Amino acid sequence: MFYYLKIIFKLIFFDKFEKLYLNKIDYRSKITSTKKKIILIETIPDYYYLSYYTTIFNDRFKDCHIIGYWPDLVKNKSKSTFTIIKIFKYLRSEIFQFFLKRKWKKLYSQLGIQKFYDYKDLKKTISNSEIRRAKVNSKKIFNKIKEKKDIFKIYINNLYVGDLIYDTYIRYRNEPTVDIKDQFLYEIIERSYIFTKSFAYLIQSENIKDFYFPYSSYVVHGIPARLAIKLNRIVYTDGNYQYNKKLSKNDLRHVENVDNLKKIFHGLKNKNKKISISKKKINNFFSKKNINATKVLYNYMSLNTYNSNFNITKKNLDFEVVIFLPNFFECQREWGKIIFNDFYEWIIFTLDYFNKTKLKVAIKPHPNIYSIHPENKKLIEFLKKNYNEHIWLDAKFPNKIIFNKTKLAISPWGSVLWELAYFNIPNISIGENPGKKFNLSFNPKNIQEYINLIKNYKKLKNAVSKKTIYEFVYVYMLNNNDAYKSIARNIELKKIDLTVSNGLEEFIKRFKRYEDDLKS
C-alpha cells in the first residue's frame with residue numbers, strides 16, 4: 001500500500017525538476033486563438049517528447065493553434081483469474097491515469113495547448129447509433145478470427161489496422177503471443193473501430209493540417225497517423241536515430257526507411273571522410289578501453305555488451321550456434337514484416353527445431369532485460385525450464401567471447417546483426433531490418449527458407465566488406481536524415497537521460513545555452 005501511495009504522491013505533486021521546467025518554459029503568451037493553422041501533437045507522458053516539442057516550438061508551433069491528443073485508447077491490462085483482482089487493478093489503473101493525465105496536461109500547457117482530447121472525449125463526438133454499429137461490426141470481425149494470422153487481414157472503415165491490433169495485444173496485454181479467444185482482443189478491435197470514426201471526425205471538424213506523433217506503432221499511435229495520411233495531412237514522427245521523420249502513404253513506420261538507407265549514402269558528398277568517421281566510431285565501440293562503448297553508437301543500451309566482466313566456464317563455450325533474444329513485448333513489426341506471427345512463435349519453433357538436431361545452442365537474452373518490461377524475465381525462465389538442454393547465457397555475458405565461438409547467429413531484427421557481420425559471422429534474421437539493403441544478414445522470405453538456412457549453416461558465408469558496414473553505420477546511426485532542422489539534434493537531446501525527470505535539468509541547461517549562443 002505504501003508503494004502505491006508513494007506513486008500517487010509523485011503524480012499529485014511536481015518534483016523540483018518538473019517545477020524547474022514550469023518556471024523556465026512558458027510559451028502560452030505566444031499562442032492566440034486567432035492563429036489560422038491548426039496542428040495536433042500527441043501529448044505522451046514522457047520527458048523526452050515534452051523536451052523535444054519545446055525545442056521546435058519557435059520554429060514550428062508559435063504561429064499555430066495547438067491541440068493535444070492524450071493516447072489512452074488502450075491501457076495495459078494483464079490477465080487476472082479472480083474478479084476481485086480485476087476490480088482492484090481496474091481501480092488502481094483509473095486512479096493512476098487520472099493523476100497522470102492531470103500532471104502532464106499542466107506540463108504540456110506550457111506550450112500553449114488549451115484543448116486536449118482523450119478517448120472518452122473523442123467517443124462523445126460520434127452518435128450512439130454509430131457506437132452501436134461499431135460494436136456489432138467489431139463482434140463480426142472478432143468472430144471471423146479462427147487463427148492468429150487472420151488478425152493481419154483486419155481493415156476498419158477501409159483503414160488497414162491488422163498489424164497494429166496484433167502488436168497492441170502483445171504490448172498492452174503483457175502476453176508474448178495472442179489468444180484469439182481473449183475478450184481483450186475484442187476490446188481492442190471495438191475501441192479501434194470507434195476511434196477510427198471519431199478521430200477522422202476530429203481531423204475534419206477541427207481542420208487539422210499537421211500532426212506530430214512520437215510513434216506510428218500500436219493502435220494508439222498508428223491509427224491516428226494512418227488516418228491523417230489517408231486524409232492527405234502532414235504527419236511527423238520521431239524516427240529512431242532521426243530526430244524527426246515525415247510519413248507518407250508508402251512509408252507509415254516511425255523508424256528509418258530501410259529501403260532508402262543505401263540510396264541516401266550513395267547521394268552523400270565526401271563519402272571517404274564519412275567512412276573514416278564511421279570506422280573510428282566502430283573501433284571505439286569495440287574498444288577494450290572504452291567501458292561505456294555502447295553509448296558510442298546506442299543511446300538505449302543499459303550495459304556494455306562487449307567488455308562486461310563475467311565469469312566464463314567451459315560449459316559457457318560449448319556451442320556453435322547462438323540465438324540473440326529480443327524484447328518479446330515490443331512492437332513485433334517495427335521495421336516491417338516478419339515471417340512468424342510473433343517473436344514467441346519464432347523462438348518456440350526455433351528451439352524445437354534445434355532439439356531435433358541434438359545441436360547445442362547458446363541463447364542470450366536482450367541486454368536491456370533488466371531495465372525494460374519485467375515480463376521478459378518470466379518468459380525467459382519459462383523457456384529455460386522447457387529447453388534446459390541448451391546453454392542459457394546471462395544478459396551480461398560479453399559478446400566478444402560469443403563471437404569467438406559462433407559459426408551461426410540468429411536474431412529477429414536486432415542491431416547485433418551488423419555487429420556479427422563486422423566479425424564475418426553468418427547471421428539470420430526473420431524479417432525486415434535496418435541492414436536489409438546492405439546484405440548484412442540472410443533474410444529468409446518464409447519459414448521454409450529459414451529452415452533451409454539453418455540446416456546448411458556450415459555452408460553459409462558472410463562476404464560483406466568492412467567498407468559496406470562503415471557505410472551502413474554512418475547512414476543509419478550518424479547521418480542527419482531528419483525531415484526538418486531542429487535544435488534537438490544540435491543539443492544532442494537523445495543523449496540526455498530523460499527516462500526520469502532529472503533529465504529536464506540537463507535539457508534546460510543545454511537548451512538555454514543554445515538560445516543564448518544564438519542571441520550573442
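Residues are called buried when their relative accessible area is under 20%, exposed when it is over 50%, and partly exposed in between. All views below show a predicted model.

**View 1. The outward face of helix α11.** Asn272, Lys273 and Lys280 are exposed, and they sit on the face of α11 turned away from its buried side.

**View 2. The buried face of helix α11.** The buried residues of α11 are Lys274, Ile275, Ser278, Ile282 and Phe285. Viewed down the helix axis, these buried residues fall within an arc of 100 degrees, and they therefore line one face of α11. An α-helix has 3.6 residues a turn, so residues three or four places apart point the same way.

**View 3. A nonpolar surface patch that includes Ile12.** Phe9, Ile12 and Phe13 form this patch on the surface, and together they have about 300 Å² of accessible area. Ile12 belongs to helix α1, which covers residues 2–12. Because its relative accessibility is 32%, Ile12 counts as partly exposed.

**View 4. Asn143 in helix α6.** Helix α6 spans residues 128–143 and contains Asn143. With a relative accessibility of 43%, Asn143 counts as partly exposed. Between Asn143 and Phe423, the separation is 280 residues in sequence and 49 Å in space, taken from C-alpha to C-alpha.

Technical notes. Residues are numbered from 1 along each chain as its sequence is written. This is a predicted model: local features need pLDDT of at least 70, side-chain atom pairs count only at pLDDT 80 or more; totals for chains, interfaces and linings use all residues. Side-chain values use heavy atoms; hydrogens and water are left out. Buried means under 20% relative accessible area, exposed over 50%, partly exposed in between (1.4 Å probe, protein chains only). Helices (H or I, at least four residues) and strands (E, at least two) are DSSP runs, numbered from the N terminus. The arc is that of the directions from the helix axis to the C-beta atoms. Patches are made of residues with over 30% relative accessible area and no salt bridge: like charges are joined within 9 Å, nonpolar side chains (Val, Leu, Ile, Met, Phe, Trp, Tyr) within 5 Å. Accessible areas come from the Shrake-Rupley method with a 1.4 Å probe; for residues, only the protein chains shown count as cover. A salt bridge is a side-chain nitrogen of Lys or Arg within 4 Å of a carboxyl oxygen of Asp or Glu.
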